[in-house]
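Trainee: Could you take me through the aromatic rings in this one, and then show me how they sit within the rest of the protein? I'd like a close look at that one part before anything else.

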Amino acid sequence: MMWNELLVRYGELTLKGKNRNVFIRQLKRNVKAALHGLESVEIKAERDRMFLTADDANDMAEVMERLPKVFGIHSFSPVMKCAPTMEDIYETALSAVRQNETEGKSFKVEIRRTDKEFPYISGELQQMIGGHVLRNIEGLHVKMKQPDILLHVDIRRHEVLLTSKVYQGAGGMPVGSSGKTLLMLSGGIDSPVAGYMMMKRGVQIDAIHFESPPFTSEQAKQKVIDLAEKLCAFGGNIRLHVIPFTELQQKIAYKIPDGESMTSTRRAMMEIADRVREEIGAQGIVTGESLGQVASQTLDSLTAINEVTSTPVLRPLIALDKLEIIDIAQKIDTYELSIQPFEDCCTIFTPAKPRTKPKLKRVKHFEALIEDMDTLIDAAVENRYVYKLPLKKEETFTDLL
Ligand code: ATP
Ligand code: MG
């Protein structure tokens, strides 16, 4: 039995009124972007669900690949259609149920009868179709509450729509429906996961990366571009701001004692990030910090780093264990990229023993010794390079140099 249509159920439907329209419109835009290039796809967004059609079977196969990554979708189901005759409904019902694993599964028929002139009423239809399915497919039993398989039959005037197999969506909210933040993206395991988690809550992101050539390599930067591109699969386009950080980092390493230099480096990064955030009109900064993971991620360190701004700094991984973070990184396919051995700016300048309890007064005292700190920060913001991701296929990173 052929099908060329999907019914898409929205996630988080507690959203009401105006917000609901914003949610649906944003989701439609995101689905459209995710399905870009599939010529035969059409999207129809209704108040309580969305329909996707694709007349080309290859396009539909691609839709099934891409749709599970789009946030704001609770689940989706292939829709089978037939003429409004009992004979056709019986046959199509069997095909629809057979899309599922049926052995030992519980089952229920649900009827929606929009055509009030159809010769049987809902209760009768439920009995008739259910009976037919049970007689023809072995291993099923009826269960009215929370059945494994729900066969939904929608009787309309000129056609009947049947759904049975349910695919899980990504959940969350459509990216772009909860504002915008700036993600501090290193080449490590954590920050791409942090970005993913914010996107899941509907937040659009720009990313910022600090590089210190020639101490950091072109491959390290390429890795970050690749990571940001991976995140694009979950919600459209990401602008990546690459900050030239060498001069500042060298100055800090030269002027500030080992115990404090890590904190000062982080403070400078945060200050630059905040400046970029303001320019792009984002409302918060996101990091991949997780409590206690390294010296810069103790509460004392976070407090000292945070002191440079009053902007909300969102740390979605703060209470996760490393293994939990790795799990997500594997699921979203960033892990293999992250573990490539190209060092980022922080790794290279990390002192042997950074303090886990930095004293803000001391840090500020030493920072004051770098007289041109503000000028250096201005220059870093000014001289950033912005990549618009995803890069078009034919455009490779080296073309942009
Ligand atoms: P990650 O795996 O995300 O690199 P990490 O465990 O290595 O995290 P740190 O290196 O201490 O921890 O970095 C903490 C956070 O600071 C990162 O998650 C990221 O948000 C930000 N960060 C670190 N280095 C950079 C960088 N070079 N560019 C942009 N952000 C950075
Ligand atoms: Mg790191």
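Mentor: Let's start with a cluster: Phe71, Tyr196 and Phe234 are linked by ring pairs. A pair here means that ring centres of Phe, Tyr or Trp (its six-membered ring) lie within 6.5 Å, with planes under 30 degrees apart called stacked, over 60 edge-to-face and the rest tilted. Before going on, bear in mind that this is a predicted model, where local features need pLDDT of at least 70 and side-chain atom pairs pLDDT 80 or more, while totals for chains, interfaces and linings use all residues. Residues are numbered from 1 along each chain as its sequence is written, chains are lettered from A and ligands numbered from 1 in the order written, and side-chain values use heavy atoms, leaving out hydrogens and water.

By that pairing rule, you get eight aromatic pairs. Take Tyr196 and Phe234: their ring centres are 5.0 Å apart and their planes meet at 75 degrees, so this pair is edge-to-face. It joins distant parts of the chain, 38 residues apart, with Tyr196 in helix H5 (residues 190–200) and Phe234 in the loop between helix H6 (218–232) and strand S12 (238–244). Those element names follow DSSP runs, numbered from the N terminus: helices are H or I with at least four residues, strands are E with at least two. Both Tyr196 and Phe234 are buried, meaning under 20% relative accessible area, where exposed is over 50% and partly exposed is in between (1.4 Å probe, protein chains only).

Now for another pair, Tyr385 with Tyr387: this one is tilted, at 4.8 Å centre to centre and 55 degrees between the planes. Tyr385 has a relative accessible area of 40%, so it counts as partly exposed. Tyr387, at 3%, is buried. One more ring worth a glance is Tyr167, since Lys165 lies over its face, 5.3 Å from the ring centre; for that, NZ of Lys or CZ of Arg has to be within 6 Å of the centre and within 35 degrees of the ring normal.

What about the packing? The largest nonpolar core has 34 residues, and Met199, Leu240 and Leu389 have the most contacts inside it. Such a core is a set of buried Ala, Val, Leu, Ile, Met, Phe, Trp, Tyr and Cys residues joined through side-chain atoms within 4.5 Å. Elements giving two or more residues to this core include H5, H6, S12 and strand S15 (385–389). Leu389 touches Ile225, Ala228, Glu229, Cys232, Asn237, Ile238 and Leu240, leaving aside neighbours within four places in sequence; contact means heavy atoms within 4.5 Å. There's also a second, separate core of 27 residues, with Leu182, Met184, Ile252 and Ile272 among them.

Not counting residues up to four places away in sequence, Ala93 touches Ile129, Val133, Leu151 and Leu162.

Finally, step back to the whole thing. The protein is split into domain 1 (5–168) and domain 2 (180–400), with bounds from an automatic or database domain assignment. The domain centres, taken over C-alpha atoms, are 43 Å apart. In all, the protein has 14 helices and 15 strands, and 50% of its 401 residues count as buried.
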